[in-house]
Amino acid sequence: MKKTEAELLENQWDVENMEVDPEVLARYVRYDVDEQRAVATITFDRPERLNAIPVAAFERVGDLVKEAETDDRVKVIVFKGEGEHFGTGADAAELGHYIGYKTGTDKASRRRPAQRQRILPDRNVLSSGFTRPIIESLKATICQVQGYCYGGHFQIALSADIVIASPDARFTHPAFRYLGPAPQDMYHWIEKVGLTTMKDVMLTMRAIGAEEGERKGLVTKVVERDELQRWVDDYADAIAVMPLDSLMMGKSMMQVVMEARGKGLGAMTGWVGHGWATNVSFEDGDWNFLKERREKGIGQALADRDRLVAPYFRLSDTRSREE
């Protein structure tokens with residue numbers, strides 16, 4: 001039996017502080033196929049945690065995309081989240097642990113993880129195992145976004161073909177708040193929002209509102225929340241009229257052009273550069289996410305971080321980005 005990346009990485013990351021039970025991961029990331037409509041739906045179902053999911057669950061997302069890609073009943077893959085938000089990425093309780101940081105106070109537990117511990121989960125789970133299958137899917141992909149679209153969920157939006165969002169949708173990567181302007185998949189950032197907006201978001205750690213996202217090319221269409229499901233269904237049905245062969249050939253040709261424009265190298269900036277970000281040196285006076293989380297807990301640490309900046313730049317601020 002082929003092992004999952006979670007199983008292969010058991011001795012690399014701090015598995016004691018992570019959720020790796022396949023049954024639990026399957027509850028958090030559901031999969032359904034509507035054969036009549038030729039639509040597969042991947043649903044994030046952890047609304048009590050704003051649909052934040054364990055790191056190991058991102059491998060499941062990638063596996064489900066590959067399953068849908070080889071299923072001739074499916075032409076369209078839809079990503080959606082239960083509750084008020086699409087999703088807030090990886091469970092912040094696991095951040096640091098997935099690259100090998102421990103919780104103990106002894107010398108071995110306090111040791112900084114080796115670079116190999118940082119490289120493997122970033123490359124094998126969060127890049128090759130997660131975003132790459134979405135970006136390279138030969139089936140059409142639609143992202144249905146309401147509320148927060150942060151972290152790994154934002155990576156889905158960047159990777160998807162079509163993003164339909166409600167006016168309250170907000171997009172960014174909280175790694176900028178945890179670690180500063182941390183490396184991401186630079187290709188998709190620049191292609192989707194442009195270099196100027198990318199620098200704005202990375203350096204200030206602010207979120208992009210739905211209407212701004214539509215203007216910049218990140219969002220395909222903004223619709224009222226009570227019309228969101230209908231518009232996603234209509235888009236999926238319109239795509240499903242296309243012959244499967246034509247759809248997959250068209251997506252293949254898009255891949256050729258994307259590679260010529262630098263997709264492969266751009267994706268590597270995410271997992272190669274991420275090791276730098278998780279090894280950042282904090283000086284006296286710097287806000288240190290790992291230290292603050294350890295001493296105050298996640299909720300209080302992030303609330304304190306938001307209060308350091310004006311409301312426009314806060315990730316928890318509910319005001320429109322257009323104000």
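Student: Why is Met205 called buried?

Tutor: In this predicted model, the relative accessible area of Met205 is 15%. The term buried requires a value under 20%, so Met205 qualifies as buried.

Student: Where does Met205 lie, and what is its phi?

Tutor: Met205 is in the loop that runs between α10 (195-204) and β8 (208-209). Its phi is near 70°, a positive value in a residue other than glycine. Most residues other than glycine have a negative phi.

Student: What makes Asn51 buried?

Tutor: The relative accessible area of Asn51 is 0%. The cut-off is under 20%, and therefore Asn51 is classed as buried. Asn51 also has a positive phi, near 60°, and is found in the loop between β2 (39-44) and α3 (55-69).

Student: Which residues touch the most other members of the largest nonpolar core?

Tutor: They are Val29, Ile42, Phe79, Val145 and Phe171, in a core of 56 residues. The element that gives the most to this core is α3, with 8 residues.

Student: How do you know what Val145 touches?

Tutor: A contact needs heavy atoms within 4.5 Å. Leaving aside residues up to four places away in sequence, Val145 touches Phe86, Val163, Ile164, Ala165, Ser166, Ala169, Phe171 and Leu228.

Student: How is the chain divided into domains, and how many residues are in contact between them?

Tutor: The division is into domain 1 (5-280) and domain 2 (287-322). Their centres, taken over C-alpha atoms, are separated by 22 Å. Contacts involve 24 residues of domain 1 and 18 residues of domain 2.

Student: What is the area buried between domain 1 and domain 2?

Tutor: It is about 1,700 Å², and carbon and sulfur atoms give 55% of that area. On the side of domain 1, Arg170, Arg177 and Tyr178 supply 37% of the area buried against domain 2, more than any other three residues.

Student: How many salt bridges does the rule find across the interface of domain 1 and domain 2?

Tutor: The rule asks for a side-chain nitrogen of Lys or Arg within 4 Å of a carboxyl oxygen of Asp or Glu, and across this interface it finds 0 salt bridges.

Student: Which element gives the largest share of the side of domain 1 that touches domain 2?

Tutor: That element is α11, with 3 residues.

Note on methods. Residues are numbered from 1 along each chain as its sequence is written. This is a predicted model: local features need pLDDT of at least 70, side-chain atom pairs count only at pLDDT 80 or more; totals for chains, interfaces and linings use all residues. Side-chain values use heavy atoms; hydrogens and water are left out. Helices (H or I, at least four residues) and strands (E, at least two) are DSSP runs, numbered from the N terminus. Buried means under 20% relative accessible area, exposed over 50%, partly exposed in between (1.4 Å probe, protein chains only). A nonpolar core is a set of buried Ala, Val, Leu, Ile, Met, Phe, Trp, Tyr and Cys residues joined through side-chain atoms within 4.5 Å. Domain bounds come from an automatic or database domain assignment. Buried area is the accessible area (1.4 Å probe) that two parts lose on being put together, summed over both.
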